[in-house]
Amino acid sequence: MVFVFMNKTFRLLSASLLMLCPILGSYAQFPQRISTANLYVQREQQPDGGVFLPAPPDTSSVAYIDDFVQWQWGKSVRPTERGERASQESASSTYEMARIFSEALGIKISRSETPAIYNLMSRSYHTAEQASKNPKEKYMRIRPVIQFNETPTGRSDQLESLRTSGSYPSGHTTRGMATALVLAEMAPDCQDTILRRGFEYGESRVIVSAHYQSDVDAGYMCAAACVAAMHSVPDFRTDMEAAHAEYYDKTGRKPSSGAAWADAPDGRRILPVPVDTASSRYYGDVAQYFAAKAERMTGRGNQARTDADYSLEALLSAFSAPLGLTLDARNTSALAALMSQCREALMRNATDLAAASDFRKRPYVQLGETAFAGADSPLSSSYPSVESEIGWGLALILTQVAPDRADDILQLGYRMGQSGIITGQHWATDITAARILASCMVARLNADPKIHRLLDAARQEYDSMAVDNP
């Protein structure tokens with residue numbers, strides 16, 4: 001049945017400004033216009049999605065099946081109220097971000113009424129605007145609206161612009177999700193609503209046929225990588241503190257005193273439900289599983305076996321190479337402590353979602369096979385992939401520590417997720433969900449003062465050791 005479907009498919013197609021000085025007097029000094037000088041991180045200094053992400057699926061590849069299925073889904077949604085919202089959200093600007101996230105925050109974001117929040121949001125949005133450009137120019141993927149000879153349904157989409165700009169990754173998604181991650185860190189009490197809107201802003205691009213699903217998924221990853229890079233910039237941290245205080249001053253709410261894992265993002269409120277065997281997306285999952293299975297007897301298969309171990313010791317060993325250091329609990333104690341705390345929080349976040357969501361059989365169980373690597377645990381849900389959330393989440397955290405090695409770090413974190421398909425432990429859609437959830441969880445970790453202290457200690461340790469090991 002799967003192969004019949006596939007054939008049909010292929011045919012058819014630093015000091016806190018806030019705490020050290022009166023905040024109201026400083027708001028008027030925020031920049032009123034964005035120039036390249038006001039970006040947190042310049043394009044050439046950002047992680048390169050053309051390096052840490054794989055190439056987009058070709059129309060003749062099995063990975064394209066999911067793209068085609070989701071294009072059909074998007075087309076079916078266009079005549080609905082959700083389709084109308086997707087059309088409206090083809091607009092991409094700081095004004096549009098202010099409108100969307102004002103609803104999520106419950107306060108009006110504007111330059112005059114919330115200058116600190118607007119400044120943070122605007123600078124983050126424009127910084128993220130640069131994050132998708134390298135892979136877009138590298139691949140120049142044809143957009144679905146062009147591939148299928150459609151008329152644009154996004155109100156702000158122009159056919160010629162869509163024709164001459166690359167589809168992979170989605171720039172709208174990158175900007176929207178980056179804004180969501182930053183605002184969720186600023187206001188963790190509203191994080192689920194904010195992050196869901198960031199997710200839906202990307203989903204809208206599939207509905208209007210401006211992007212394939214894989215373009216949007218790549219946009220979510222570029223957004224998270226860009227925000228991670230921003231955290232190495234003192235300006236960003238100062239602006240975040242000012243916006244954080246302004247938010248609580250305007251709302252009268254009080255910051256949470258709980259640890260990140262006590263108030264973690266709820267994946268049920270952010271992500272769609274797991275794919276089941278009755279869903280058309282299941283065909284894409286099965287096709288990608290069989291394609292990945294062919295890699296088991298190669299060097300990549302051996303790599304996947306190694307990646308199946310996500311103990312702290314294994315993770316310290318794995319991330320040693322991209323960091324250019326030998327990580328262990330004794331000689332790199334600050335880095336090990338940071339990774340240990342974040343690993344526990346990411347693992348708990350993933351397992352909580354698994355327990356609260358509909359149970360999904362792992363691929364090797366569903367297809368009557370034996371486990372190629374990892375634990376033989378047929379009673380453990382495939383959704384979401386715990387090791388993928390840990391791998392991608394730690395990669396984002398370590399990018400904040402060593403931004404000079406971001407591409408290598410992120411490439412490893414992304415690879416760990418793909419390994420789960422090769423081993424038969426997870427479906428592709430489970431891994432994508434885990435990466436998005438990891439990005440959301442890292443936003444929550446960044447709002448935790450304890451993690452701040454661990455990050456600062458890890459940065460100092462890395463910087464001192466990097467000098468000794470150039």
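Start by selecting helix 12 (171-186), helix 14, helix 22 (386-401) and helix 24. Each gives at least two residues to the lining of the largest cavity. Helices here are DSSP runs (H or I, at least four residues), numbered from the N terminus. A cavity is a set of points on a 1 Å grid over the protein atoms alone where a 1.4 Å probe fits but cannot get out; lining residues have an atom within 4 Å of a point. This model is predicted: local features need pLDDT of at least 70, side-chain atom pairs count only at pLDDT 80 or more, and totals for chains, interfaces and linings use all residues. Residues are numbered from 1 along each chain as its sequence is written, and side-chain values use heavy atoms, with hydrogens and water left out.

Now show the lining itself. Among its residues are Leu181, Glu185, His231, Gln400 and Asn446. The lining has seven nonpolar, four polar and one charged residue. Nonpolar means Ala, Val, Leu, Ile, Met, Phe, Trp, Tyr, Cys and Pro; charged means Asp, Glu, Lys and Arg; the others, Gly among them, are polar. The cavity's volume is about 80 Å³. A volume is the space filled by probe spheres set on the points, with grid points joined across faces, edges and corners.

Next, the largest pocket. A pocket is an open set of points with protein on both sides within 12 Å along at least five of seven lines. This one holds about 1,100 Å³ of space. Select Asp66, Asp217, Gln288, Ala428 and Thr432: of the 49 lining residues, these lie nearest the centre. Which helix gives the most to this lining? Helix 24 does, with eight residues. Colour the lining by class and you get 28 nonpolar, nine polar and twelve charged residues.

Stay with helix 5 (64-77), which supplies at least two residues of the pocket lining. Pick Phe68 and Trp71, three residues apart in this helix, about one turn. They form a tilted aromatic pair, 5.8 Å centre to centre, with 35 degrees between the planes. Rings of Phe, Tyr and Trp (its six-membered ring) pair if their centres lie within 6.5 Å; planes under 30 degrees apart are stacked, over 60 edge-to-face, and the rest tilted. The whole structure has 13 aromatic pairs.

Last stop: helix 8 (residues 115-129) against helix 12. They pack at about 145 degrees, with axes 8 Å apart. Axes are lines fitted to C-alpha atoms over the stretch in contact, and angles run from 0 to 180 degrees between N-to-C directions.
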